[in-house]
Amino acid sequence: MTFDLLVVGDANPDVVLTGVPRPIPFGQRERLVDGAALTVGGSGAITACGAARLGLRTAFAGRVGADAAGRYMLSALAERGVDVSGCVVDPATPTALTVVLADGEDRAILTFPGCLPLLRAGDLDPALVAAARHVHVSSYFLQPRLAADLPDWFAAIRRSGATTSLDTNDDPAGAWDGGVGAAIAQADVLLPNEAEALALAGLDDVLAAGKALATSAGLVVVKRGAAGAVAWRDGSPLSVPAVPARPVDTVGAGDSFNAGFLAGWLGGRDLAASLRLAAACGALSTRAAGGTAAQPTMAEALGTGVD
Ligand SMILES: Nc1ncnc2c1ncn2[C@@H]1O[C@H](COP(=O)(O)OP(=O)(O)O)[C@@H](O)[C@H]1O
Ligand SMILES: [Mg+2]
């Protein structure tokens, strides 16, 4: 079996409650809310689902617990066409879980990392890694052991002829440790959002940050929400506007964008066309609550007029 894409990273259920009273009422009285959903969460899991939906032969490898949350994640990924045979089931540590408390546009996001921080590159089946044309790693700062392994592991993957990408996502500790630079230097594509690009570069201007990061990573793609995206290769920026959307929920937009970009790039599209496809996938993913419910097929994404 050959995979176009192996995603390595975070997978956890998201429990999303909407219409949550503010301030959050502690005090042991029961309150009713407007809505609740159990959805596929974790940047890596959402990216993998988006890629499979776009038609890439996709595998996901990460760590889940031997519990109901872990079984939910494995079956939800498999239902969406993602191969999960390389996932590690941790017998002793629970699956990560995120609770999202939403009130209109604003939300509190509370994550228990569970077994995510225990993932190591050595957990991953070498045969699975060797079977992938491209390896994408998500959520660097939630997985410190994998993070420590990443520069050498990415370098080995590249030596074997495959390519690599990294979406660090946010650093909940706000520390943005210097070690990430060595991982970025082994990434063929770096996919931060704007705030993350600024923090990674230690700069306060996105154009300067993208340019600085592109001296290290092969290609830098910065996601800018409703302002679209901008990429750097060879020093000069290439911007694409957002595909217009009336978002219901932007959770996972960046991960769906990643899937679109990788589908374009691995499919042989040029940089501009890959960015347009990514922007369409990010925008379309906002049509429904949760990260995966509204992820587009390739036909739907191309139907927005991107080529
Ligand atoms: N409100 C929006 N309208 C249209 N496109 C959007 C919107 N929000 C996000 N997107 C698309 O999704 C991409 C990723 O969203 P962004 O919020 O920047 O990333 P992240 O989810 O990682 O924070 C954007 O670059 C854009 O193409
Ligand atoms: Mg993101």
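The model is predicted: local features need pLDDT of at least 70, side-chain atom pairs count only at pLDDT 80 or more, and totals for chains, interfaces and linings use all residues. Residues are numbered from 1 along each chain as written, chains are lettered from A and ligands numbered from 1 in the order written, and side-chain values use heavy atoms, without hydrogens and water.

**Ligand 1**

Around ligand 1 there are 16 residues, and N193, G225, G228, V243 and G254 are the closest; a residue counts as near if one of its heavy atoms lies within 4 Å. By class, this shell holds nine nonpolar, five polar and two charged residues, where Ala, Val, Leu, Ile, Met, Phe, Trp, Tyr, Cys and Pro count as nonpolar, Asp, Glu, Lys and Arg as charged, and the others, Gly among them, as polar. The table lists polar contacts, that is, pairs of N or O atoms within 3.5 Å.

| Residue | Atom of the residue | Distance to an oxygen atom of ligand 1 |
|---|---|---|
| N193 | polar side-chain atom | 2.9 Å |
| R224 | backbone N or O atom | 3.4 Å |
| G254 | polar backbone atom | 2.9 Å |

The protein buries 83% of the 550 Å² that ligand 1 exposes when taken alone (Shrake-Rupley method, 1.4 Å probe).

**The sheet**

Eight strands form an open sheet with mixed pairing, in the order β4-β1-β9-β10-β11-β12-β13-β14. Strands are DSSP runs (E) of at least two residues, and two strands pair if DSSP finds at least two bridges between them. β4 (58-61) and β14 (236-240) stand at the edges with a single partner strand each, so one side of each has no neighbour in the sheet. Strands β1 (residues 5-8) and β9 (residues 134-138) pair in the parallel sense over three bridges. V8 stands opposite V137 in β9.

Notes
Polar contact = N/O pair within 3.5 Å; in protein donor to acceptor, adjacent residues only side chain to side chain. Helix = DSSP H or I, 4+ residues; strand = E, 2+ residues; numbered from the N terminus.
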